[in-house]
Amino acid sequence: MLSLQIVTKCKQVKISYNWLKQFIKIDWDAEKTGELLTDLGLEIEGIETFESIKGGLEGIVVGHVLECKQHPNADRLKVTKVDIGNNETVQIVCGAPNVAAGQKVPVATIGTTLYDEKGEAWKIKKGKIRGEESFGMICAEDELGLGKSHDGIMVLYEDLIPGTLLSEVFEIENDQIFEIGLTPNRADAMSHWGVARDLKAGLLRQEILLELITPSNSSFRVENRLNKIDVEVINNELAPRYCGLTISGLKISDSPQWLQNRLKAIGIAPINNVVDATNYVLHELGQPLHAFDSNKILGKKINVKTVAKGTKFTTLDGVERELHEDDLMICDAEKPMCIAGVFGGIDSGVSKTTTEIFLESAYFNPVSIRKTAKRHALNTDASFRFERGIDPNITEYALMRTALLIQVVAGGEITSDVTDIYPKKIEDHQVFINFESVTKLIGEEIPREIIKEILTSLEIKINNITETGLGMTIPAYRNDVTREADVIEEILRVYGYNNIKFTEKLNASISTTEVIEDYQVQNKTAAQLTALGFHEMMGNPLTSPKYIELTDYLKSEHNVEMLNPLSNDLSVMRQSMLFNSLEALAYNSNRKASNIKLFEFGKTYHNYPNGREEHKHLSMIVSGLKTEENWALKTQKSNFFYFKGIITTILNRLGIDSYSEKGAKNDVFSEALSFSKNGNILIEFGIIKKNITSSFGIDSESLYADFNWDNILKEITIENFKLKPIPKFPKVKRDLALLIDEAVSFDSLKETANNTEKTLLKKVTLFDVYTGDTLPKGKKSYALSFTIQDERKTLTDKQIDKIMKKLQQNFERDFGAVLR
């Protein structure tokens with residue numbers, strides 16, 4: 001059974017093991033390293049294998065074309081004889097215009113698997129082409145994944161020996177990629193450097209001391225100062241630190257293969273050498289950077305500021321966006337060029353004609369970036385890091401690192417000093433931990449020396465040590481560690497959760513409270529519904545405002561609106577759980593799950609004139625058959641009375657009785673009832689109107705119930721009960737078939753019967769209803785069954801007849817009933 005659900009996931013970050021080894025020289029296999037990272041809190045959700053050339057050129061060998069003749073039956077084909085080593089010569093039919101005798105070429109032998117541009121595999125087989133047999137294929141570079149050209153076959157160096165594996169000729173990088181499910185607080189681990197820091201601390205606990213190798217900027221130097229770009233940060237609160245420099249004399253081209261491989265391994269598509277360098281450092285150090293074409297910066301000036309509300313700006317994806325007055329923008333002297341920390345503009349980025357750039361490295365206010373990204377529904381690698389908080393102390397270092405890398409891959413020279421605007425330094429956090437608190441929270445005493453070693457390995461500086469605790473400085477990049485409890489969590493994850501011993505003694509206290517706990521009532525109800533074939537769902541409390549238009553009982557002025565909605569379809573809080581249920585029903589129906597029974601516990605949200613309110617609800621929706629099709633059972637559709645029976649059993653299970661029943665006035669139903677008690681509506685349920693279900697693409701009749709859970713909880717009482725034995729004396733059943741007015745309800749008849757005989761009458765049921773042309777106009781026939789029992793003795797026929805006669809008389813008197 002499928003159902004609409006909200007699933008909260010950690011952000012998945014991809015880490016290349018080869019790249020990680022550039023920071024820390026570890027010789028473990030990937031699985032063992034992954035286990036340690038998981039123990040450190042960086043949960044490895046999977047390990048993928050990456051090959052820079054898909055298939056690893058397996059089965060491809062160097063061939064020597066000995067002979068090349070025209071195909072006798074095709075003008076554009078050649079028949080070749082190719083030496084593929086090991087004294088083996090094969091015939092291959094080739095259609096490339098440049099194939100010739102004497103060439104060294106890549107040959108895919110019989111059984112070799114190649115991959116097309118979509119990554120789909122196909123196998124080389126022995127074949128016959130226009131009557132000539134072919135035992136392999138001479139390959140073009142794009143067919144091997146070694147390039148993009150398909151103009152002809154790939155011609156190799158002449159000194160290669162036939163039969164040599166092509167994988168030995170071309171360097172193929174094989175890598176293993178960790179897929180880390182990163183929790184939102186661990187912004188420090190969103191880079192290879194950050195993961196290496198944690199790995200070093202974890203290895204130290206295993207008495208493996210390895211150096212953390214960081215890229216050197218010692219070769220950084222300014223060649224000249226001929227291309228200075230002035231920078232003014234107008235809003236320092238939104239941009240606490242801003243750095244930049246210019247690089248001139250660049251040649252934009254494809255990145256070298258090693259750089260492309262690094263990016264491809266973690267799922268980043270290479271663009272060009274300059275952009276790839278900024279992406280490389282982003283994933284290496286965790287510092288987002290942006291390169292502007294400096295020839296497009298008007299006035300040779302950068303202004304970091306907000307702009308007027310409603311300003312139009314076209315981003316790199318070609319979408320024109322309307323800016324908010326709080327959006328921080330990177331502008332030149334005349335116009336915006338980039339949404340700071342989120343997305344670049346279409347006209348200011350690096351292109352094939354770029355020869356000089358202004359390279360930006362900054363620390364932006366996390367809250368500002370998050371709001372801007374949400375406003376414009378943008379989620380980029382840069383915004384993801386900025387909005388969680390990056391390290392403000394590496395802004396300049398990352399800028400210089402990127403500049404040096406760009407020089408390596410694109411040439412050029414640095415033509416300005418580094419601009420570093422940092423008026424108010426972001427200070428590290430000061431925290432004091434008490435040793436007793438550490439023991440209390442962890443549940444085990446950890447030696448103080450080990451605590452100090454762990455903290456030091458995490459680059460937490462210990463300022464002072466006392467008998468009771470430690471005073472320390474937390475580096476700014478750990479913006480999630482601000483309290484004593486946070487530091488203790490850091491100690492525990494490095495010490496190892498698995499190293500904490502469990503006591504063999506289990507302590508528990510028995511509660512004697514008589515308070516009704518909501519969760520217990522929910523669990524009891526959920527268990528009952530599950531036993532009846534229902535599935536629990538979880539709907540999104542954010543919903544679309546357009547649903548309000550489907551009914552009159554919900555008012556748009558009562559919507560609780562989101563300030564920064566993820567989308568227009570999720571811009572208000574739900575006033576009713578009906579539409580979540582219909583979305584789930586439609587989702588399942590579209591996947592051929594036609595017999596649906598779903599329930600959900602949740603809340604609705606209302607913005608009333610007197611203030612905002614939340615209300616708890618239980619919703620149920622049913623559609624299709626009562627049971628799945630089965631040869632032994634007759635299939636029946638779920639109907640109103642079946643649904644009502646389920647609802648009454650829930651109330652009975654919760655001990656709620658003596659409620660009143662009347663027609664519901666809710667306009668989402670075509671037929672509906674409501675149950676009330678003490679003036680409070682407990683439940684409204686019925687058949688959903690066709691115009692509402694059809695708007696969700698649902699054709700089948702659908703039944704919906706809305707329990708006002710707050711009112712349900714008010715009516716549940718804790719009552720002492722007594723056990724009594726099963727009566728020894730038999731029950732007696734008698735039936736009456738009554739002709740009554742159509743307006744008379746069964747509840748009225750039942751009430752009269754119970755008032756007539758309060759002691760011996762145990763149960764009244766309606767087992768048949770008949771209306772038809774054979775009855776007088778305005779009349780109907782009810783067949784009632786009465787269960788009578790005396791728990792002290794056996795009833796006589798005389799007693800039973802007396803009771804039935806009295807019942808008949810009262811029915812005649814009160815309702816004008818006639819015995820049929």
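Which side chains meet in a salt bridge at 2.6 Å, N to O? In this predicted model, the pair consists of D741 and K779, a salt bridge being a side-chain nitrogen of Lys or Arg within 4 Å of a carboxyl oxygen of Asp or Glu. The two residues belong to distant parts of the chain, with D741 in strand β37 and K779 in strand β39 (residues 779-788), 38 residues apart. D741 counts as partly exposed because its relative accessibility is 32%, and K779 is likewise partly exposed, at 23%. Here buried denotes under 20% relative accessible area, exposed over 50%, and partly exposed the range in between (1.4 Å probe, protein chains only).

Residues are numbered from 1 along each chain as its sequence is written. Local features need pLDDT of at least 70 and side-chain atom pairs pLDDT 80 or more, whereas totals for chains, interfaces and linings use all residues; side-chain values rest on heavy atoms, with hydrogens and water left out.

In total, 32 salt bridges are present in the structure. Side chains of opposite charge can pair when their charged atoms come close. E387 is classed as buried because its relative accessible area is 15%, while R388, at 26%, is partly exposed.

Strand β37 (residues 732-741) pairs with β40 in the antiparallel sense over 2 bridges, where pairing requires that DSSP finds at least two bridges between the strands. Strands (E, at least two residues) and helices (H or I, at least four) are DSSP runs numbered from the N terminus. Within this pairing, L738 has L819 of β40 as its bridge partner. The open sheet concerned comprises 4 strands in the order β38-β39-β37-β40, with antiparallel pairing. Its edges are β38 (761-770) and β40 (818-819); each has a single partner strand, so one side of each is left without a neighbour in the sheet.

Another open sheet has 5 strands, ordered β13-β16-β19-β20-β21, and its pairing is mixed. The edge strands β13 (230-233) and β21 (343-344) each pair on one side only. Strands β19 (residues 328-331) and β20 (residues 336-339) are antiparallel and share 3 bridges, and the bridge partner of I330 in β20 is C338.

Positive phi values occur at two residues other than glycine. A377, with phi of about 55 degrees, lies in the loop between α8 (366-375) and α9 (381-386). A377 counts as exposed because its relative accessibility is 56%. S658 has phi near 55 degrees and is placed in the loop between α16 (640-653) and β33 (660-663). With a relative accessible area of 66%, S658 is exposed.

On the surface, D29, E31, E35 and D39 gather in a patch of negative charge. Patch members have over 30% relative accessible area and no salt bridge, with like charges joined within 9 Å and nonpolar side chains (Val, Leu, Ile, Met, Phe, Trp, Tyr) within 5 Å. D39 belongs to helix α2 (residues 30-39) and is partly exposed, at 38% relative accessibility.

Note on methods:
Areas by Shrake-Rupley, 256 points an atom, 1.4 Å probe, with all protein chains shown as cover. Lys, Arg positive; Asp, Glu negative; His and termini not counted. Charge placed at Lys NZ, Arg CZ, Asp CG, Glu CD.
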